[in-house]
Amino acid sequence: MVRLAALTMLLTVCALLLAVCAGCGSKLAGPAGAGDPYFPQMGNGGYDVLDYNIDLTVDPAAGPVDGTVLVRAAATQDLDSFDLDFVGLHVKSVQVDGRAARFERKGQELIISPPVRLRAGSTFDTLVAYSGTPQPLHAADGSILGWQRSGDTIFTLDEPEGAATWFPVNDTPLDKATYTFRITVPEGYVAAANGVLAQNIANGAGQTFVWQMKEPMASYLAAVAIGKLVLKEPQDPSGVPIRNYFAEGLADAATKAFASTGDVLAYYIDTFGPYPFESYGVAVPDADTQGAMENQTLSLFGRNVVEKDMTDPTGDAIFLSHELAHQWFGDSVTLAHWSDIWLNEGFATYCSWLWIGHSQGKAAFDKQVSDARDAVVSQKWPAPGKAPANDLFNGGVYDRGALTLHAVRLTVGDDAFFRILRTWADRYRYKNVTTADFVSLVQEISGKDLHALIDSWLYDSTMPALPGGGL
Ligand code: TRP
Ligand code: ZN
């Protein structure tokens, strides 16, 4: 009896010890980065986001924002803690699956410890409530990224790392997700975002605009534009609804500047295959910007771009066709690593040359090619492959990146080249790509191994001559 009691006690102690060990064993933390060598802190590991539900109440004239973001994700490992990227602002509370979670902030990481371990494969909801006035980032190349305000106009320009200035995010192009935006603004203001407008609800003294992006989207393409905007819906000959949001005072100039959108869309659909999203349009806020940006279904152009003559053949017609081409190449088919930025910018540049050639003739196309060659030589841009991390968007990525595609085309011929573009858009729709994927697709379609040619175009310090010596 006594011995049995002693044995039972021993067993109980063992069981207790085991239970304690399981509870206090090493903590399972999701990695604080997604593995991009250029931006090691961007993105996170341990989970895969499925959907963001971003609810923002914005006072555009004053600046502050009240936000709740619901991130639905699937754990890819057991997790005691995981990170979201989030910069600035005040985090009021975090809940995971409806229960309060501990959180701390370190640099750009919002580190969240849910009350119970998340199991690999399970889906979990993280709700982050926050407030404050978002502050943009100043990137290494001098560009201003993230949430920006000019007077009572607000817009976002996120590529590559601005998204975290306005919502908690797994900020890596590798983790595409669907999005819903619910943006409440005061009466008289309009809020545009990616996707389609699902609802527009009168809400006390204001208005709530609900936008849905139902196709997968990389976080750097998430966009909001708020202001006294007017909606213009031009003809959509190819059946893709076009909705443009122009600042009131710019509406006439912008309507003219973007008049050819439907034609470019039709030409691209013909050349690259179906438009990958449900709608397209541009936002032109009443503010100057440092360039145009291909936000998914809603490219952003600054006042300064529109006030130039966009119909000037040697001028900014190129912008319109460039950002639209990105919807296929960049947005739908997205780089996996930032060092492959030429896969976005070289492609979009080449597509805009194709449009120029289609709409203005061969001489206009040839001029794009020779101007680009001259610029690469005179500007001494670095080779476009593995562009410097602190100068990702240098001109060589655009011009020599596009010339790389031209060199491929001159080598494989038009038929194979356009099949390569169409297959690229189709096979990798909503996915991520690397330069190696492109090299192998070229080989698959053309039967030629262009590895060495593409390498020298992308990585040699001196730009090669175009095949055949000519244009
Ligand atoms: N992707 C843009 C283009 O199509 C360039 C760009 C990158 C950009 N980051 C930006 C433009 C930030 C404005 C702001 O060329
Ligand atoms: Zn571009």
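## The zinc site

Donors are N, O and S atoms within 2.8 Å of the metal. In this predicted model, three residues meet that description for the zinc ion (ligand 2): H322, H326 and E345. Both histidines use their NE2 atom, and E345 uses OE. The coordinating distances run from 1.8 to 2.0 Å.

Now look at the sequence. The donor residues of the zinc ion follow the spacing H-x3-H-x18-E. Why are H322 and H326 about one helical turn apart? They sit 4 residues apart in helix α5, so about one turn separates them.

## The pocket of ligand 1

Where does ligand 1 sit? The space taken by ligand 1 is the largest pocket. The residues around ligand 1 include L145, L157, A292, M293, F393 and Y398. Also among them are E159, E294 and E323.

Helix α5, residues 317-326, gives the most to the shell, with 3 residues.

## Contacts and burial

Which side chains make polar contacts with ligand 1? E294 is one of them: an N or O atom of its side chain is 2.7 Å from a nitrogen atom of ligand 1. H322 is another, with a polar side-chain atom 3.2 Å from an oxygen atom of the ligand. For H326, a side-chain N or O atom is 3.2 Å from an oxygen atom of ligand 1.

How much of ligand 1 does the protein bury? Taken alone, ligand 1 exposes 370 Å². The protein buries 91% of that area.

## Two backbone details

Most residues other than glycine have a negative phi, and most peptide bonds are trans. Two places here depart from that pattern.

The peptide bond from E159 to P160 is cis, and its omega is near 0 degrees. P160 lies in the loop between β11 (153-157) and β12 (177-186).

T297 has a positive phi, near 65 degrees, and is not a glycine. T297 is found in the loop between β19 (282-284) and β20 (299-300).

Note on methods: Residues numbered from 1 in each chain as written. Chains lettered and ligands numbered in written order. Predicted model: local features only at pLDDT ≥ 70, side-chain atom pairs only at ≥ 80, totals over all residues. Heavy atoms only, no water. Near = heavy atom within 4 Å. Polar contact = N/O pair within 3.5 Å; in protein donor to acceptor, adjacent residues only side chain to side chain. Areas by Shrake-Rupley, 256 points an atom, 1.4 Å probe, with all protein chains shown as cover. 1 Å grid on protein atoms, 1.4 Å probe; cavity = no way out; pocket = protein on both sides within 12 Å on 5 of 7 lines; lining within 4 Å. Sits in = over half its atoms within 2 Å of the grid points. Helix = DSSP H or I, 4+ residues; strand = E, 2+ residues; numbered from the N terminus. Donors = N, O, S within 2.8 Å, 3.2 Å for Na, K, Ca; no water.
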